[in-house]
Amino acid sequence: MATKSVFVVDNGASMSKSRMNNNEDTRIVPNCIMKSKFYPRRTFIADQIDNECPNKTSLYYQLPFQKGYLVDWNIEKQVWDHLFGKVSFKSTGLLMTEPYMNLNFIRETMDQIFFEEYEVASFARYDRILRPSSNSFLKIIFFILAATLSAYKYECDTKSNYVLVVDSGFSFTHIVPYYQGRKILDGMTRIDVGGKLLTNQLKNVISYRQLLVMNETYIINELKENVCFVSLDFQDDMKKARLPLSENPYALDYVLPDYNEIKQGYTQAPSSSLVSISNNVDTSKKNTKQQQQVVRMNVERFTIPEILFRPSMIGIDQAGIAESIYNSVEELPEHIRPSLYNNILLIGGNCLFPNFKQRLENELRSMVKDDYPIRITLPEDPITYALNAGVTLTNSSDYANYCVTKREYDENGVAICHRKFAENY
């Protein structure tokens with residue numbers, strides 16, 4: 001039997017979300033280590049950057065994930081050491097999500113690290129589990145992804161056999177259809193657009209037009225999250241953005257933090273004259289109104305998120321989210337298409353852009369047959385939805401049957417993980 005206390009981790013490429021299954025306190029930390037030019041001898045791990053680094057300009061990021069895959073175990077191990085903290089794994093189990101299309105040797109390494117180094121009481125990294133339904137106890141759920149966890153919770157909440165999960169995260173956007181908990185691989189789609197690309201594109205645009213910010217990933221990511229939105233009518237919004245400043249509904253000034261007097265960037269009404277004191281964010285000078293570093297945001301507010309819906313804008317030869325959903329569903333048998341369109345679930349940080357859900361619904365409605373219903377669900381917090389789904393699963397009566405315990409691992413080695421966690425190892 002697996003332990004009742006389980007530590008649940010949604011290990012994303014950008015942020016790691018975690019909580020105990022018997023505690024409501026959720027912890028969200030950056031899944032990386034960072035260095036600052038102001039503290040050259042110090043390395044900041046995960047949320048230490050928020051708690052212990054007073055100046056966040058020119059941060060240097062070291063990421064364990066590249067292009068969606070875990071490639072630097074030394075960095076990830078430091079983040080896990082910090083994240084697990086005082087968790088006593090001798091009496092606590094662990095449930096962790098995996099990247100999409102994960103490689104087998106990465107899975108084996110994870111198994112070894114958690115059982116041999118952290119000595120967890122039990123570990124779960126499923127490709128499949130059985131879940132009870134109203135008719136049968138023999139339905140299979142593939143359970144290696146945040147999307148699968150989300151599908152599990154959605155199906156439990158809505159009693160629907162179908163769900164189309166749209167996960168727009170840090171590295172990619174994935175579209176994954178499910179039937180009775182099983183991934184339908186023929187309809188699975190990846191778009192090479194995520195939050196990282198959007199932030200980098202915004203850095204490029206601002207650096208070309210106004211102020212050199214190529215080293216200011218942390219600050220520009222905050223700017224993106226604070227002021228960007230999805231356009232509901234791109235051509236009309238472009239016309240409005242060309243109007244004079246007094247008539248322009250989208251232009252605003254974003255005052256960059258100097259971490260001396262200004263600890264957090266903020267927006268203000270656009271000034272008729274926009275002056276920057278240098279081409280770099282310089283925190284060595286005392287801040288005055290004349291010395292504020294200000295970025296004028298106008299069309300950038302909606303052209304950056306527009307890349308999610310039209311990747312061809314920046315030379316990516318792929319369909320956008322709405323068209324990819326349509327193509328994904330149309331690849332599947334006709335009799336299940338209405339059910340998938342009627343059960344679309346949005347997760348991931350990019351779904352938090354204002355108007356994201358409405359724009360997606362408008363575009364799908366223009367493509368899909370009129371007699372097909374379209375229902376899109378955006379959870380209250382799409383970032384932690386998969387994490388909370390994992391907590392729901394660990395508290396179910398079936399969960400213990402699908403864990404590998406420390407005793408089983410010591411007796412059988414990685415072979416037991418192969419048998420329980422994967423059918424295609």
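In helix α12, the buried residues are Y385, A386, L387, A389, G390, V391, L393 and T394. The structure described here is a predicted model. Helix α12 spans residues 385-394, and eight of its ten residues are buried, so the helix is largely enclosed by the rest of the structure. Residues count as buried when their relative accessible area is under 20%. In an α-helix there are 3.6 residues a turn, so residues three or four places apart point the same way.

Six strands form an open sheet, in which the pairing is mixed. The order of the strands is β3-β2-β1-β9-β10-β22. At the edges of this sheet lie β3 (residues 27-30) and β22 (residues 404-405), each of which pairs on one side only. The partner of β3 is strand β2, made up of residues 15-20; the two strands pair in the antiparallel sense over four bridges. Within this pairing, K17 has I28 of β3 as its bridge partner.

A further site examined was S231, which lies in the loop between helices α6 (217-227) and α7 (234-241). The relative accessible area of S231 is 0%, so this residue is buried, the cut-off being under 20%. The side chain of S231 makes a polar contact of 2.5 Å with the side chain of D237. When neighbours within four places in sequence are left aside, the residues in contact with S231 are D237, F302, E306 and R359.

Key:
Residues numbered from 1 in each chain as written. Predicted model: local features only at pLDDT ≥ 70, side-chain atom pairs only at ≥ 80, totals over all residues. Heavy atoms only, no water. Pairing = 2+ DSSP bridges. Buried < 20%, exposed > 50% of the residue type's maximum accessible area, 1.4 Å probe, protein only. Polar contact = N/O pair within 3.5 Å; in protein donor to acceptor, adjacent residues only side chain to side chain. Contact = heavy atoms within 4.5 Å.
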